[in-house]
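Student: I would like to learn how to read a protein model. Can we go through one together?

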Amino acid sequence: MCGIIAYRGKRSAGEVLLHGLRQLEYRGYDSWGIALKNGHELEVVRRTGKISASAPKLARHKGLQLGLGHTRWATHGGVTESNSHPHRDCSGSVVLAHNGIVENYQELKRGLQGHRFSSETDTEVIAHLVEKELAGGAPLREAFRSAFLKLEGRNAVVLLSGEELLVAKSGSPMVLGLGDGESFVASDVPAFLRYTDRAVFLADGEMAVIGDDVRLYDLQGTPKPLKEETIEWSPEQAEKGEYPHFMLKEMMEQPEALLRAGNLPKEDLAAAVAMVRKAKRVFAIGCGTAAQVANLSTYLFSCIAEMPSQFAIGSEFSHLKPAINQDTLVIAVSQSGETADLLEAVATAKERGAKVLAVLNVKGSSLMREAHHTLLVNAGPEKAVASTKATTAQMAVLLLLAHAVAGRADEGKRLIESASRAVREMLSRSEEMRALAQRLRDRQNIYIIGRGMNYPVAREGAIKIQEVSTLHAEGIAGGELKHYALALVEKGTPCIVLGSGKDILGNAMEIKSRGGDIIGLSPERSEVFDTWIQVPDLGPASAIVQLVPLQLLAYHLGIARGMDPDYCRNLAKSVTVK
Ligand code: M6R
């Protein structure tokens, strides 16, 4: 969703902001803008479309460098220059960028009679609210604080006025970067990682004022200490390097990411095991791809630890409220830790006294702050909208957790090491998947069937194909075919079959008898397969390896169909609004 970068310091602010915005492009956007303080003048540039296509020359000036920038993913108002951020008040002395949705903006706007609005956005209301407070005599910090407190919804705002930047958040992510005589504000660390690895993650209900120094307050105005963290990611990890796309780079990083995931600190794992053992009921939740990982965990707990657990989609979880109490453990799976639907589910769980264990990639994110305990999967920065390495790393951590709960952590670790080797081998066969993608590129539908652990893998494979290539794909439990899905099969319908057990081959035969084109991804060849791609059997770790050829297929299908695999149509990397 929207990305924010702001800067105060001695470098060329224009360059810092453009670099930061490019680093945030992965979040998904349809327009962008920059405001630069140039002496007493404010230079504002706003454009629709991609940054590289229309980046203007920004003025360089001497003295203090100050500015903010924004990538917009339209929610309120069309994709136009006037709706792009930054937005200003009537006087033009307050300029700001925003991430989130001001849910009560219409009501607030009604109270701003006499103000001139130049956009259809909810954001512009904030600038005029601050202006109104200033006109009433409030100093800037008070005006900002008071305006921010009036906003309903999950919001993050950065405002520039005079020589200060002011930041506040109540949901959407915001992190400060601290340099030597310079400061950064961003929605995500890669936006400033080139300049500093010192970060302060803002919590909900916090506000910062960045002038000659950086000060943190709560929204009642009480000062708070700055909790500085060192970011361990290198700037190179967040770059494409030799690869044409982030998605390909991130898929190729999976063997190492798996090894890191399998090397969880012992004490972190032990604390998670204690939480699982103490709980009377375990719910695993997530959204999109993370939901498929959460679903997989129920199979892992069942088959490895013989332990029952349930799965729910993050946005559906609140409907299951009555089943949640202080004896419940909620395992929340996420790459970003900023997914609004998931954070809301976590809040519901905590309200009812449940404990929350996060299985998470991004350190310092909102989920990490909300969870009682976190297992960091350590996949490194993931920028392609389609999640790959974070997904398999989450699978590995949950595989390890299930083994540790069963008292066999070492066995889990060894399995992950084998999975890492097998994934490396699968990745070296990318050409096979490219050839298959060429063959399937013009089909209308692709079905993927699996049973047991291969069922969530089938669903995740279908998600990858849908979002990266826009080809309709569906993951179906093999046993469900004859209950509904066989009606969709006709001559030539491609169906990917995961595994070579008796039952799934029986399902494959049912499809073949109706003319389906059967592609088997399995350890053993079967005569029912029209095409066979060998995938090794690694017991409960097979799901990790089985997913990789599907990721590759999605990537090559995306390219074959003329899509950019890094930017999925209509989707954003981090879904911070409900
Ligand atoms: O950051 P999260 O893992 O919480 O994100 C959840 C989903 O939005 C995410 O998995 C989405 O489905 C991706 N586009 C999948 O590739």
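Predicted model: local features only at pLDDT ≥ 70, side-chain atom pairs only at ≥ 80, totals over all residues.

Student: How many helices and strands does the protein have?

Tutor: Helices (H or I, at least four residues) and strands (E, at least two) are DSSP runs, numbered from the N terminus. The protein has 17 helices and 25 strands.

Student: What does the radius of gyration say about the protein?

Tutor: The radius is taken over C-alpha atoms, and the globule rule is 2.2 Å times the number of residues to the power 0.38. For 578 residues a compact globule would come near 25 Å, and the protein agrees because its value is 25 Å. The C-alpha trace spans about 80 × 50 × 45 Å along the principal axes.

Student: What share of the residues is buried?

Tutor: Buried means under 20% relative accessible area, exposed means over 50%, and partly exposed lies in between (1.4 Å probe, protein chains only). Of the 578 residues in the protein, 60% are buried.

Student: At what angle do helix 9 and helix 12 pack?

Tutor: Axes are lines fitted to C-alpha atoms, for helices over the stretch in contact, and angles run from 0 to 180 degrees between N-to-C directions. Under 35 degrees counts as roughly parallel, over 145 as roughly antiparallel, 65 to 115 as roughly perpendicular, and the rest as oblique. Helix 9 (residues 289-305) and helix 12 (residues 389-405) pack at about 25°, with axes 9 Å apart. Helix 9 is therefore roughly parallel to helix 12.

Student: Which residues of helix 9 and helix 12 make the contact?

Tutor: Contact means heavy atoms within 4.5 Å. Helix 9 contributes residues including V293, L296 and F301, and helix 12 contributes residues including M395, L398 and H403. Nonpolar covers Ala, Val, Leu, Ile, Met, Phe, Trp, Tyr, Cys and Pro; charged covers Asp, Glu, Lys and Arg; the others, Gly among them, are polar. By these classes, the contact of helix 9 with helix 12 has twelve nonpolar, five polar and no charged residues.

Student: Are helix 9 and helix 15 roughly parallel or antiparallel?

Tutor: Their angle is about 170° and their axes are 8 Å apart, helix 15 being residues 454-469. The two helices are therefore roughly antiparallel to each other. Among the contact residues are Q292 and Y299 of helix 9, and R459 and E460 of helix 15. This contact of helix 9 with helix 15 has five nonpolar, three polar and four charged residues.

Student: Where does S82 lie?

Tutor: S82 is in the loop between strand 4 (65-72) and strand 5 (87-88). With a relative accessible area of 32%, S82 is partly exposed. Leaving out residues up to four places away in sequence, S82 touches R46, H87, S118 and S119. In the loop between strand 4 and strand 5 there is also P86, and a cis peptide bond with omega about 0° joins H85 and P86.

Student: What is the phi of T470?

Tutor: T470 is not a glycine, yet its phi is positive, about 65°. T470 sits in the loop between helix 15 and strand 22 (472-477), and its 25% relative accessibility makes it partly exposed.

How values were computed:
Residues numbered from 1 in each chain as written. Heavy atoms only, no water.
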